[in-house]
Amino acid sequence: MSIHIRFRTICAVHLWHDFLLARGSFEFEALAPELQESILAGYSIGDSLRIAPADDTEVFLARHKIQFRPQSTGFALAGAVSESGTEPGRFVPDVPLPSDFVMRFSVEVLRPAFLEEANIPFSRSSLFLLSNRTGTATNGELHLTRSIAAFDSGRAYQAGDLVVDQAPDPEVLLEAAEDVSATPAPAPGKWVELPAPRFNAAAAYDAGDIVLHGGAVFAAKTSGTLPAPPATASWTRLYDANLRAGVSGADLLRGLPRVARFPLAVPRAFVTVTVRDRDGQVVFTEVQLRRDDQLLTEVQLSLPTAPPGLYALEAKAPDGTQIPEVPAAFYLHPGAERGVPLAIIELSNPAGSLALFDPAGHVQSTEYHVRFRHKRAFWRYTFHGDLSAFPPADLGELIQEDPADRSRYVTNRPLPLTVGLVPLKNFDGKRPLPNPSPSSTRKEGGKLYAEAFLKN
């Protein structure tokens, strides 16, 4: 007698690395369908990132007859199911899951170049929390990332930071071209408009130029001064832009071990420490002071039995203000003393569209997405050899970086770092320029530069 166990996909998580998906200046969404299909056929996020269930999640999956299945775009969870007794054609897990379950999966970097290709504010002491409790539904897709934040006139930004121009109803995604201080509005020239420059009624366009207008990306059919899209005689609609999706600083959390210490820049008489879990319940509270009547020089945190996950942390000075050296939120990650992963993916069953199961417990086969956007940098070319004829009359799309230095030339705007060629006009009218490698990227003077060294 054979026993047949029926499995159904509970959910799938897709991780998209724009560096590998885009081609030159064209985002993946703008490519021809046959080229998209060819790219996806060779795409494997597992070459860059290792995704695996946490130890306790591995036990949980086995107990509930759920299989972890790696895929080229991420992973899927398939569970043993039976047909619903109330809704034919729908399925429920053979082993019911508790209402408060949380499944955790670590994301580790396998290929170090990934960190040079992805536009993420990477920190070795922090991790990205990717969760269907804090994720968002945007453009018909469910993303495990928080929405990219709107521009904040009260804060400074680092080169590469991503914001939308406004919330709600953003018109454009912006990437900081350089470090910028607090300003009332994004300053022209210091931000790159994404996924394409916004349509400008006064500009002259060449056929094939790409613009953003009304939340969609269009390609010009003809050249000249054109009417606003979507005038079908002048523009081809390529795709709807997903402006708020992508891993960003909004998803970054300090990763802490079970015991952590925070040195105080200003010693205090005492500090009141309170930790709350993701549901707002207090799991730890203590007034810390020294018994020898000396000022307190560090805050200590000890959570020996708390489960891994997201926590809020208050550390208040005697006057009631939050102490800035202590993070307001953190992710408790056992083993953080040895280092934290790039990201933690958490899957639970929140109310709303990002749930794994509907209110009756039926499997929804939910599809989740995580997008790693690619970097942009100023491209710098340094020439060696005989420079007596430099600078040439025709610099193409470069400018001389320093009038006193004839060897260095740089683009006047950041350009994308992707697979495929981003064409530049010939230098000196006849010399083609190679695209720099992402591995050559470094920060200098508040800007990111991707460098290429050429012999003249």
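In this predicted model, Lys65 has a relative accessibility of 42% and therefore counts as partly exposed; the class covers values between the cut-off for buried, under 20%, and that for exposed, over 50%. Lys65 is located in the loop that runs between helix α3 (55–63) and strand β3 (66–71). Its backbone is marked by a positive phi, near 55°, in a residue other than glycine.

A positive phi is also found at Ser365, where the angle is about 50° although the residue is not a glycine. Ser365 belongs to the loop between β25 (343–347) and β26 (366–372). With a relative accessible area of 35%, Ser365 is therefore partly exposed. Most residues other than glycine have a negative phi, and most peptide bonds are trans.

Cis peptide bonds were found as well. One joins Leu194 to Pro195, with omega about 0°. Pro195 lies in the loop between β12 (191–194) and β13 (204–205). A cis peptide bond also links Pro229 and Pro230, and here omega is about 15°. Pro230 is placed in the loop between β16 (224–225) and β17 (235–240).

Val287 has a relative accessibility of 48% and so counts as partly exposed.

Definitions and conventions:
Residues numbered from 1 in each chain as written. Predicted model: local features only at pLDDT ≥ 70, side-chain atom pairs only at ≥ 80, totals over all residues. Heavy atoms only, no water. Buried < 20%, exposed > 50% of the residue type's maximum accessible area, 1.4 Å probe, protein only. Helix = DSSP H or I, 4+ residues; strand = E, 2+ residues; numbered from the N terminus.
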